[in-house]
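Please look over the sequence and the 3D structure below. The report that follows walks through some of the chain's elements and residues.

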Amino acid sequence: VDIGPAASCIREAISELISIVRSLWSTGVMSFLGAKKRHNTGRPEATDDRDKLRNCSIEEKGYEVRTFKNLCLNYFMVLVLKTHKKSSLNFIFKRMKDLQKKVYFLLDQLQQMARELPPKYQQRIPCELLSGLANALLNDTIFEIVKGLMEIQHVTEKHLFQQRLQLINKHSMEMQEMLEKTNNAAERQNQRLLLQKKHKQELKHTDMKLVLQLDQRVSDQQVTLEKAGVPGFFVTNNPLDIKLQMYLLDFILRLSKMNIPP
């Protein structure tokens, strides 16, 4: 925990408190406290400060010291709070200035990236969308979410590709096994055609399943990013919207690799 600002506040308050204590002492506050106590006990008022202190009993002197300590403590707490409030406001203003600088940087980079897109996609990315995305990216968690989603997608695509590759290898082995077992040329040709038709149907069915899994992965990403408050992301099957969201994801990944102002 950074206690630098708090320590500075306390040092400043102590410095001002010392000057106040000296001022109070020189104006006779201690004498006033003693006189007030003696007035309550019915004793005559002394002529000067030294007489007042000599006439005080031990209990009265203790009362004066304690009262003066409480007075000093109250002053000290007020000064600390005032100084801390001033320091907190300065910190808030500085933080707001830093955030504004960061937003301007993000927005400028996003606008440059958007200008690189084909015209039909540039028209679908208004300034309001880029401004909202820049503000959303002030939260560094968005970068981590996008990176995590991309890693999951890459793992999924690799796994699905392996499944398709295994099926193709299986088809090759079946074809090779059939050719070895069939000696008649005409029968071999007939069996080849049948196997090719069968393999084509199996591969088509498998590809459809893989596409559905990829679509589900895309839908999961849309839901996650929409819940995270990232502009431009919502559940959709529209190819243009999905392509646009892919561009936005690319923008975020590219920004994550830049030196963004803190």
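Buried means under 20% relative accessible area, exposed means over 50%, and partly exposed lies in between (1.4 Å probe, protein chains only). This is a predicted model: local features need pLDDT of at least 70, side-chain atom pairs count only at pLDDT 80 or more, and totals for chains, interfaces and linings use all residues. Residues are numbered from 1 along each chain as its sequence is written, and side-chain values use heavy atoms, with hydrogens and water left out.

## The whole chain

The protein chain has 9 helices and 0 strands. Helices (H or I, at least four residues) and strands (E, at least two) are DSSP runs, numbered from the N terminus. From that end the order reads α-α-α-α-α-α-α-α-α. Of the 262 residues, 29% are buried. Contact means heavy atoms within 4.5 Å. Among contacts between residues at least 6 apart in sequence, 68% join residues at least 24 apart.

How far does α9 reach from its first C-alpha to its last? Helix α9 covers residues 239-256 and reaches 26 Å, close to the 26 Å expected. The expected span is 1.5 Å times one less than the number of residues.

N238 caps the N-terminal end of α9. A side-chain oxygen of N238 lies 2.9 Å from the backbone nitrogen of L240. A polar contact is a pair of N or O atoms within 3.5 Å; within protein, one must be able to donate a hydrogen and the other to accept it, and residues adjacent in sequence count only if both atoms are side-chain atoms.

The buried residues of α9 include L244, L248, F251 and L255. An α-helix has 3.6 residues a turn, so residues three or four places apart point the same way. In α7 the buried residues include F143, V146, M150 and M175. What covers the buried residues of α7 includes α6 (127-136), α8 and α9.

How do α7 and α9 pack? The angle is about 115 degrees, and the axes of α7 and α9 are 10 Å apart. Axes are lines fitted to C-alpha atoms, for helices over the stretch in contact, and angles run from 0 to 180 degrees between N-to-C directions. The two helices, α7 and α9, are therefore roughly perpendicular. Angles of 65 to 115 degrees count as roughly perpendicular, under 35 as roughly parallel, over 145 as roughly antiparallel and the rest as oblique. On the α7 side, F143, V146, K147 and M150 make the contact. On the α9 side, the contact is made by L249, I252, L253, L255 and S256.

| Residue | Relative accessible area | Class |
|---|---|---|
| Q109 | 16% | buried |
| L195 | 13% | buried |
| V223 | 28% | partly exposed |

Q109 sits in helix α4 (residues 58-114). Leaving out residues up to four places away in sequence, Q109 touches L255 and M258. L255 is also one of the buried residues of α9.

L195 belongs to helix α8 (residues 185-227). With residues up to four places away in sequence not counted, L195 touches E174, M175 and M178. L195 and M175 are 20 residues apart in sequence, and their C-alpha atoms are 7.0 Å apart.

V223 is in helix α8 too.
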